Amino acid sequence: MHTRLQVPRPVPFSDGTAPPRTAMPAGACDCHVHVYDARFPTTPDARLLPPDASVDDYRLLQQRIGTVRAVLVAPSTYGIDNRCMLAGLAALGDAARGVAVLDETVSDEALQALHALGVRGIRFNLSLGAHPPAGSLRPMAERIAPLGWHLQLLAAPDTLLSLAPVLRDLPVALVFDHLGRIAPADAGRHAAHALVLDLLREGRAWIKLSGGYIVSATHRTDDAALDVLARSYLQAAPHRVVWGSDWPHATASAGRHPMPDDAAQVDALARWCSDEDTLCRVLVDNPAALYGFTPASPLSLS
């Protein structure tokens, strides 16, 4: 009797089919995911218009890499219309949290409703347009502080520096996307890298080890030049670091670089973390603290 070999099923918007060499700890969370759906209108000034990428598509990635929790981040494509993200959040249920894009027109009642749906932060993407504008950082931080939310920020290094006085004095935690948008060559050289490290050490910020292929000069997930940058954050504040795949890689869909291999991204994270305890902290404990997930059982993590 012949045994039929299982052929790995390709995951949409992810290169390769093999699983990571790294075993994921129980309760592992992917802290940066987007969903796209043509049923929802895009904002007129959207710079990225990716094809549809559904929760069902994303579940295939979870099966491949071994994550069970996810954080859906509203992309710039929809402006302040969060319905696509919220639909994905509803589909994923208690295993997911959301980060919305909002401006100062949002009501307190709407904020409360979003909290009940699983939203735990707001995002300012200052690298793709400026809406909401940087001037809304403090007013919006004050609005979300009573909810215990955080403010997620994506901005070029020079922009971060220009905002330093504001960032050092916000009433909520900051979360920096995509390795702080610091290029590996600027690690230890650009003052924005020092600023992010200071905010991490002071307990004012978190960092996502996500989008390495975006900041890499080679746009590769296995770029060894990323090691020094990623490890600088882990050494500064290992309890303030999380990880995200950035699936479905909208910049790759736009042709700006090759489609990443998400299994290779997991293996790169394991290399940066160096040991299983740190890997578990980044994938399980830190996301639970930041996003309010129920802590995983210690017995399940052994």
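Student: How many bridges join strand β6 to β7?
Tutor: Three, and the two strands run parallel in this predicted model.

Student: Which strand does Lys208 face?
Tutor: Lys208 stands opposite Val242 in β8. Here too, three bridges join β7 to β8, and they run parallel.

Student: Where do the side chains of β7 point?
Tutor: General idea: in a regular strand, side chains alternate between the two faces of the sheet. In this case, Ala205, Ile207 and Leu209 point one way, while Trp206 and Lys208 point the other way.

Student: Is β7 enclosed or open, and how many of its residues are buried?
Tutor: Five of the five residues of β7 (205-209) are buried, so the strand is largely enclosed by the rest of the structure. Leu209 is also among the residues that touch the most other members of the largest nonpolar core, which has 84 residues. A second, separate core of twelve residues includes Trp206.

Student: What about aromatic pairs: how many are there?
Tutor: Four. Take Tyr58 and Trp247: their rings are tilted, 5.4 Å centre to centre with 50° between the planes. Tyr58 lies in helix α1 and Trp247 in the loop between β8 and α10, so the pair ties together parts that are 189 residues apart in sequence.

Student: Are those two buried or exposed?
Tutor: Both Tyr58 and Trp247 are buried. Ring pairs also link them with Phe13 into a cluster.

How values were computed. Residues are numbered from 1 along each chain as its sequence is written. This is a predicted model: local features need pLDDT of at least 70, side-chain atom pairs count only at pLDDT 80 or more; totals for chains, interfaces and linings use all residues. Side-chain values use heavy atoms; hydrogens and water are left out. Rings of Phe, Tyr and Trp (its six-membered ring) pair if their centres lie within 6.5 Å; planes under 30 degrees apart count as stacked, over 60 as edge-to-face and the rest as tilted. Helices (H or I, at least four residues) and strands (E, at least two) are DSSP runs, numbered from the N terminus. Buried means under 20% relative accessible area, exposed over 50%, partly exposed in between (1.4 Å probe, protein chains only). A nonpolar core is a set of buried Ala, Val, Leu, Ile, Met, Phe, Trp, Tyr and Cys residues joined through side-chain atoms within 4.5 Å. Two strands pair if DSSP finds at least two bridges between them.
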